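Colleague: I would like to go through the labels attached to this model and hear what each one rests on.
Modeller: Go ahead; here is the structure.

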Amino acid sequence: MEKFLKRKSASTSETESNLDDLPWDPAKRKKILEYHPNKRDEVRRKYLDRGPCKPYAWFDQYANWLEYSVSKDKAFCLCCYLFRDDIQKQGGNDAFVTEGFSSWNKSERLAIHVGAMNSFHNIAVKKCDSLMNQNHSIEHAFYKQDDVAENEYRIRLNASIDASRYLLRQGLSFRAHDESVESDNKGNFKQLLKYTAEQNEVVGKVALENAPKNNQMTSPPIQKDIVHCFAEEVVKSIIEEIDHGVFGLLVDESADVLHKEQMAVVFRFVDKIGTIKERFIGVVHVRDTSSLTLKHAIDDLFAKYGLSLKNIRGQGYDGASNMKGEFNGLRSLLLRENSSGYYVHCFAHQLQLVVVAIAKKHFEVGDFFDKISTMLNVVGASYKRKDKFQEIYRKEIEKEINDGEISTGKGKNQDRSLPRPAATRWGSHHKTLFRLVELFSIVTKVLKFIQTEGIEDSKKHQAYGLANYLHTFDCVFYMHFMLHILGLTENLSMALQTKDQDILNAVSLVESTKRELQKFRDDGWDSLMVKVHSFCKKHDVDMVMMEDEFVDFRRPRKRTNTTNLQYYKISCFNFVLDLQLQEFNDRFTEVNTQLLICMASLSPTSSFKQFDKDKLMKLVEFYPDDFTSVERFSLEQQFNIYIDNVKEDKRFSNLKSLGDLSRLMVETQKHLAHPLVYRLLKLVLTLPVATETVERCFSAMKFVKTTSRNRIGDQFLSDCLVCFIEKELFESVTNETVMKRFQTMAQRRVCL
């Protein structure tokens, strides 16, 4: 008996694994007859539960059977495929079952395939309905239940769904290491069910130990099925928001806690009320990060949800060669299938490269940041030093309060620390430098404490050298200089990270930042030196005389034949800012493209001052698949009516971005009066600006998949992340909806 159970368990796990790997593309599926006879109905149910792939709106007319193959660009019949063996025995065979249908100009063939009431197709449809109806199954007859048992089952299932909902919302683990009867901690899921049973008498009577041993609804497969139902409903809501429209694709990859490469996918689109949305669709485990592997993973994901690459109108990636490669990168592979999927290098990554370029190309700036990094390690290397830092800080605050220099109140004079900047986010250095300026005297006192009270000689020497460096003019100069530059780029970085940012506004922000940097270069020297002099005087730092000859501390005996003013203003101040401006021009190449120049004519700023009909007609040419020749002709007249209409409407007079224009057009119903203009506006808004939404998904992945939860499966991880990240849609999923999907995804002991 024990050997039989082991064989049955192994067979079941093998079946589940195979079912998870079933191909989504109908052209890649093997024949039903090739499966074991005992597995054929399970395979059929799995395909019917997924539903056919239908990337185009006209597929909805035959939504229950018509599906699309991405690899062959052909249509197939799901029902006839599932019962192909039975149909062929009766002599039935056509393109929808074998090779696929691709005669798109002969749409009448769809109706011919359906045929009369007793056609092969309709017989297959009836077989599918009978297969999914659990009341007709032989297995169900063995477990026929009365109304009481059905009600108890519903209560147990509802309690399990509630427990799963809470854990998904909070990103918590479901299971524990030991869930046996003797265990003190059986995991969050069972402990939450136990608490619910103790608080709710109705649940307590039918759950856990009071439930049938073979139907407690607490096993790991049940938990995964419930989570999968939640995730599928969330993704279904996202697909409905897209509504067969165009969208932008944002992709990035990162290693999880087990060093497995995970690819995150986000869609950017304009919803039905004209709002820009960026929705997370899931993570996919990839064996490597080559462009071909990523492309295959995207194909499978699109086939899974019935989406088409033809609907992509924008691609947003980082600057890695496998992503943006002009010949073999992911961007080029997608462009071969869809020429309208324009690529935009993530603006946030470009800004990162601009800032890093300063440290790499200017020796003194790089040396300054190296010393700041060392100082952070020395000051915050141990809890003893951190405690000393806080102790000195509190004494300083008490002294300033007693002297009347600062006031007290709610939220004021909180504990401060020196935040450590992220290695890949140079914008975080701005906060570090800001705190260093604010807490300069405290940092110097901690360094002196380490010199006298430290244990390690190496740390004493480091503290001594750093204390001396902090009291040099070079340190104070570069500290205030870089604080100002990073402050300008930090504002741009934060603006680029908003989800509803449109590309025209992003380009405008980049141009504004460049103008501010140029203004600072032309007129900012005097104001910078005022701040530096004031700081040096406050903290007893020796000033340098600008008229004296500059001494290079790397070669102190060699004459430089240049004054301090010439060195600090020309070789440092002007050089760094020129380098920054040059990097902006080199990195943000999208600013000069013809596509964005034409897009600027749609901008509503300054009462549509930039509107240019000729440029907008050129913009239409960038999207040949979205406008027919008749629509292009009509659009030329519609532009005249549109611009006159919106200029006369006072509600459109103070708009600042394309996103505001889109929302207001829907709100005022002008998207119905000017449908072609609104379609063009949606195409522009799908172009991604930054991949920050994808980066946030990876941050969530670190929260969900931790070192203590590192064995979570790939599908379960993706489902948990979808629910955890898209909380807005997740909250709208009802228990009843989850219950219905849960019942249809597999054969259950109780049929509701």
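**Labels and their grounds**

Modeller: T489 is buried, with a relative accessible area of 4%. The model is a predicted one.

Colleague: What makes T489 buried?
Modeller: Buried means under 20% relative accessible area, and T489 has 4%, so the label applies. T489 lies in helix α21, residues 473-496. Leaving out residues up to four places away in sequence, T489 touches L351, V355, Q580 and F584.

Colleague: How far is the C-alpha atom of F434 from that of H484?
Modeller: The two C-alpha atoms are separated by 9.6 Å, and the residues are 50 apart along the chain.

Colleague: What is said about the phi of L208 and of D540?
Modeller: L208 is not a glycine, yet has a positive phi of about 55°. D540 is not a glycine either, and its phi is positive, at about 55°. The background is that most residues other than glycine have a negative phi.

Colleague: Where are L208 and D540 found?
Modeller: L208 is in the loop between α10 (201-206) and α11 (220-242). D540 is in the loop between α23 (525-538) and α24 (564-587).

Colleague: Is L208 buried or exposed, and is D540 buried or exposed?
Modeller: L208 has a relative accessible area of 15%, under the 20% limit, and is therefore buried. D540 has 64%, over the 50% limit, and is therefore exposed.

Colleague: Why are C536 and C572 called buried?
Modeller: The limit is again 20%. C536 has a relative accessible area of 1% and is therefore buried. C572, at 0%, is therefore buried as well.

Colleague: How many cavities of 30 Å³ or more are counted?
Modeller: The count is two. The largest cavity has a volume of about 50 Å³. What makes it a cavity is that a 1.4 Å probe fits there but cannot get out.

Colleague: Which residues line the largest cavity?
Modeller: The lining has 11 residues, and E278, L496, Q497, T498 and A690 lie nearest the centre. By kind, the lining divides into three nonpolar, three polar and five charged residues. Helix α32, residues 692-704, gives the most to this lining, with three residues.

Colleague: What are the figures for the protein as a whole?
Modeller: The protein has 35 helices and seven strands. Of its 752 residues, 51% count as buried. The accessible surface comes to about 37700 Å², and 50% of that belongs to carbon and sulfur atoms.

Colleague: How much of the contact list joins residues at least 24 apart in sequence?
Modeller: The share is 70%, taken among contacts between residues at least 6 apart in sequence.

Note on methods: Residues are numbered from 1 along each chain as its sequence is written. This is a predicted model: local features need pLDDT of at least 70, side-chain atom pairs count only at pLDDT 80 or more; totals for chains, interfaces and linings use all residues. Side-chain values use heavy atoms; hydrogens and water are left out. On a 1 Å grid over the protein atoms alone, a cavity is a set of points where a 1.4 Å probe fits but cannot get out, and a pocket is an open set with protein on both sides within 12 Å along at least five of seven lines; lining residues have an atom within 4 Å of a point. Grid points are joined across faces, edges and corners, and a volume is the space filled by probe spheres set on the points. Helices (H or I, at least four residues) and strands (E, at least two) are DSSP runs, numbered from the N terminus. Ala, Val, Leu, Ile, Met, Phe, Trp, Tyr, Cys and Pro count as nonpolar, Asp, Glu, Lys and Arg as charged, and the others, Gly among them, as polar. Buried means under 20% relative accessible area, exposed over 50%, partly exposed in between (1.4 Å probe, protein chains only). Contact means heavy atoms within 4.5 Å. Accessible areas come from the Shrake-Rupley method with a 1.4 Å probe; for residues, only the protein chains shown count as cover.
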